[in-house]
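Student: I've got the sequence and the model open side by side. Can we go through it one question at a time?
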Amino acid sequence: MTIKAKFIDKILNDIILSLKKLGADETSPVYEIPPSKEMGDIAFPMFKYAKTLKQNPALIAEKVKEGLKGNELMDKIEIKGPYLNIFFNKNLIAYDLLKDILDKKDDFGRQPDKKIKVAIEFSSPNTNKPLHLGHCRNNALGDSIAKILIFNGYETVKINLINDRGIHICKSMIAYKKFGNNTTPEKEGKKSDHLVGDFYVKYAQEEKNNPEIEKEALELLNLWEQNDRETHELWVKMNKWALDGIKETYKRMGIEFDQLEYESDNYLLGKDLINEGLNKNIFYKEEDGSIWVNNEDAGLDKKVLLRSDGTSVYITQDIGTAAKRHDKYNFNRMIYIVGSEQIYHFKTLFTILKKMGFDWADKCIHLSYGMVNLPSGKMKSREGTVVDADNLMDLLYDMSMEVLNEKGRDLTEQEKKETAVKISLSALKYYLLNFSTVKDVMFIPEKSISFDGNTGPYLQYTTARLNSLFNKSEDAGVLNNQSVFNHKFNEDEANLVISLLEFEDAVIKAGETLSPLEICSYLYDLARTFNKFYHDNPVIRAETKEIKNIRLLLSKASLIILMNGLKLLGIDDLKKM
RNA sequence: GGCCCUGUAGCUCAGUGGAUAGAGCAGAAGUUUCCUAAACUUUUGGUCGGACGUUCGACUCGUCUCAGGGUCACCA
């Protein structure tokens, strides 16, 4: 139970008692956070009792207030029309809260072990081109959601399904065979995945003039499926280039996985299950021998599961892969983090799994996210209108370095480089996470990534100021109940206490809604509240020793929570900036 | 055409039944002999795409409608 929930619980009892005196049978009154902090810390709207009590809600609020006996947790009770607004006793909250934060440190906010296992599939790149901005969003989301779930007490398995076979791979291979002259990344001085991507673009260009080339790609795919030696050697070579480069990008972004699955290992999975389903009459066979499922009862269409030649389609291996994963991990939930263009596909997949009698089908979720668009429109890898992940990180690094050279304090060259890396990544990740997942992201290169305002670097800046503060202060504050209880919290301090109190709720809500945005919004609010406090209230040079102590404690708690929150976003805090 | 998603300030976005709809950027005006000015303060700017309905109460729910996007492959 969170600190806040404990407090509210104790207040709730009094409200319930008071309501009962008036004749309202209430066991769990609704409450909300008032729109502004001047109105109080928690509010009870009285609208719903107007009907049963046949009284004006404002009057009911008055009466409920009268019926409340003194409770030390409540500092002040105000009636604003139909609302009963309560101000918490900041001293009591602050003591419990600060004690908990300082005791638990990086575990503050962590929820108890839920004994629930969640498999998360994300990233899932194709090995025919480098990662682009869309993958960055996927990676940032998957990484952050996994961290949020772990912090919420779930056990997670992060899975990356590498799409290393299929016609798209053969297209890069054909272009290499035709125009590659046996070149290598070393010869070209190119990052290996970029070289593979160049051939994919080359193929697309060639296809415009010479549509016949597609036949060659298909032939190559056939050769690959027949285990043709030469084809496999090329495939292995180019896949390694692509994957090595992609792995480098993951490393640079700080993205890690527990399991790598390869489509080339999985693509034959599912066939047996389809035939099994055919025997059970869940599926049916067309005259040409192809096997179908009719999902019209679920509001979907018919869908082919095995081609007339007996080969499998995309969804066939997804069925097999899902079943294999369930056998292997025995997950309680599986989350697919895949773009919104595949919403229909996953609806179909889950419907089929359910028809096949897998009771765990209901535990699979497609967490779809919107596309990343450019002002010029949609990103298209074939047309070369993509924002490449490596190039983008380079650009952001250079921008960070420029600002650091201008403003950075007291940093060695080495520290500057490390700091620029951290700043550039925080700008990118925070930008991509600070959107509702369902929404498309509009990416305007010159404008989107800034280091001012509601950004990752702003949060890092706040941690750098805090770290600097503790470097300059000989002690970090001692939690002494007398000093906390006797302290008269001013507005900035009180706001900070309330903001600190909200962290646990933000963590829980982010976990329930699979939404890193929840953490972003919370951290930004906390950082703003802290910066305002820090701007207007001297800490080291506070008027008295007691006040200094309280403010150091509040600052320490702020730093701990900022660090914990940033970790959930996959962002590093900074000691200096 | 069917289904799904989105439409909130000049721009980019929060806000999903409640109190005057919030941020950032951009624009205007301020704050550094002071713990990091990548900060802080003040300020300009909105018929929440439109219409009707449900409700004591709607940006939030329902129906219709307009606009943009996605999807409806024996591609992945």
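**Rings, charges and loops**

Student: Does Tyr-431 count as buried or exposed?
Tutor: Take the cut-offs: buried means under 20% relative accessible area, exposed means over 50%, and partly exposed is in between (1.4 Å probe, protein chains only). Tyr-431 comes in at 17% relative accessibility, so its class is buried.

Student: Before we go on, what kind of model is this?
Tutor: Residues are numbered from 1 along each chain as its sequence is written, while chains are lettered from A and ligands numbered from 1 in the order in which they are written. Side-chain values use heavy atoms, without hydrogens and water; local features need pLDDT of at least 70 and side-chain atom pairs pLDDT 80 or more, while totals for chains, interfaces and linings use all residues, since the model is predicted.

Student: And which class does Phe-435 fall into?
Tutor: Its relative accessible area is 23%. That value makes Phe-435 partly exposed.

Student: How many aromatic pairs are there?
Tutor: Rings of Phe, Tyr and Trp (its six-membered ring) pair if their centres lie within 6.5 Å; planes under 30 degrees apart are stacked, over 60 edge-to-face, and the rest tilted. By that rule the count is 21.

Student: What type of pair do Trp-224 and Tyr-267 make?
Tutor: A pair of aromatic rings is described by the distance of the centres and the angle of the planes. Here the centres of Trp-224 and Tyr-267 are 5.4 Å apart and the planes sit at 55°, so the pair is tilted.

Student: How many residues apart are Trp-224 and Tyr-267?
Tutor: Helices (H or I, at least four residues) and strands (E, at least two) are DSSP runs numbered from the N terminus. Trp-224 belongs to helix α9 (residues 213–225), and Tyr-267 to the loop between α11 (263–266) and α12 (271–279). Both residues are buried. The pair links distant parts of the chain, and the separation is 43 residues.

Student: Back to Tyr-431 and Phe-435: what type of pair are they?
Tutor: Their ring centres lie 5.4 Å apart. The planes are at 75°, so this pair is edge-to-face.

Student: Which Lys lies over the face of Phe-470?
Tutor: A charge sits over a ring if NZ of Lys or CZ of Arg is within 6 Å of the ring centre and within 35 degrees of the ring normal. Phe-179 has Lys-202 over its face, at 4.8 Å from the ring centre. For Phe-470 the distance is 4.7 Å, and the residue is Lys-556.

Student: What is phi of Lys-105, roughly?
Tutor: Lys-105 lies in the loop between α4 and β4 and is partly exposed at 46%. It isn't a glycine, yet phi is positive, at about 50°.

Student: Is Lys-54 buried or exposed?
Tutor: Lys-54 sits in the loop between α2 (47–53) and α3 (57–67), with a positive phi near 55°. Its relative accessible area is 74%, so Lys-54 is exposed.

Student: How far is Asp-388 from Lys-129 in space?
Tutor: Asp-388 lies in the loop between β13 (377–378) and α15 (389–407), buried at 12%. Beyond neighbours within four places in sequence, Asp-388 is in contact with Pro-130, Leu-131, His-132 and His-194. Lys-129 is 259 residues away in sequence, but C-alpha to C-alpha the distance is 9.8 Å.

Student: Zooming out, what percentage of chain A is buried?
Tutor: Chain A has 23 helices and 14 strands, and its C-alpha atoms fill a box of roughly 85 × 65 × 40 Å along the principal axes. Among contacts between residues at least 6 apart in sequence, 74% join residues at least 24 apart. Of the 577 residues, the buried share is 55%.

Methods. Contact = heavy atoms within 4.5 Å.
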